[in-house]
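Have a look at it first, then read on.

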Amino acid sequence: DLKDAVMTEILMSLPDYLVNKINDSFDNGTASEEMIESVVEESGIDASKIAEKVMIRFRDDYLNNKEEQ
């Protein structure tokens, strides 16, 4: 779940043309981890900061759910 949440947040931070580039690569079978990393690098977004934010939110949600149970 955490990995999916991080990837979703990173994808949502990308400009549309780069999301389309990733989608096209999946459609034509050329998608790879390296390709996705290069697209994220090309975008200039700070994926580490995004991942950190998502992990903190994920942790807080998890702890809050534990307290409610």
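1. Let's start with Glu9, which sits in helix α1 (helices are DSSP runs of H or I, at least four residues, numbered from the N terminus). Keep in mind that this is a predicted model, where local features need pLDDT of at least 70, side-chain atom pairs count only at pLDDT 80 or more, and totals for chains, interfaces and linings use all residues. Residues are numbered from 1 along each chain as its sequence is written, and side-chain values use heavy atoms, with hydrogens and water left out.

2. Is Glu9 buried or exposed? Glu9 is buried, because its relative accessible area is 17% and buried means under 20% (1.4 Å probe, protein chains only).

3. Which residues does Glu9 contact? Setting aside neighbours within four places in sequence, they are Ile50, Lys53, Val54 and Arg57 (contact means heavy atoms within 4.5 Å). Val54, in turn, touches Leu2, Ala5, Val6 and Glu9, not counting residues up to four places away in sequence.

4. Val54 and Val6 also belong to the largest nonpolar core, which has 12 residues (buried Ala, Val, Leu, Ile, Met, Phe, Trp, Tyr and Cys joined through side-chain atoms within 4.5 Å). Helices α1, α2 (16-27), α3 and α4 (47-68) each supply at least two of its residues, and α3 gives the most, with four.

5. Now the lining of the largest pocket: α1 (2-13) and α3 (33-43) each supply at least two residues. Among the lining residues are Lys3, Glu33 and Glu37, along with Val6 and Ile10.

Conventions
1 Å grid on protein atoms, 1.4 Å probe; cavity = no way out; pocket = protein on both sides within 12 Å on 5 of 7 lines; lining within 4 Å. Buried < 20%, exposed > 50% of the residue type's maximum accessible area, 1.4 Å probe, protein only.
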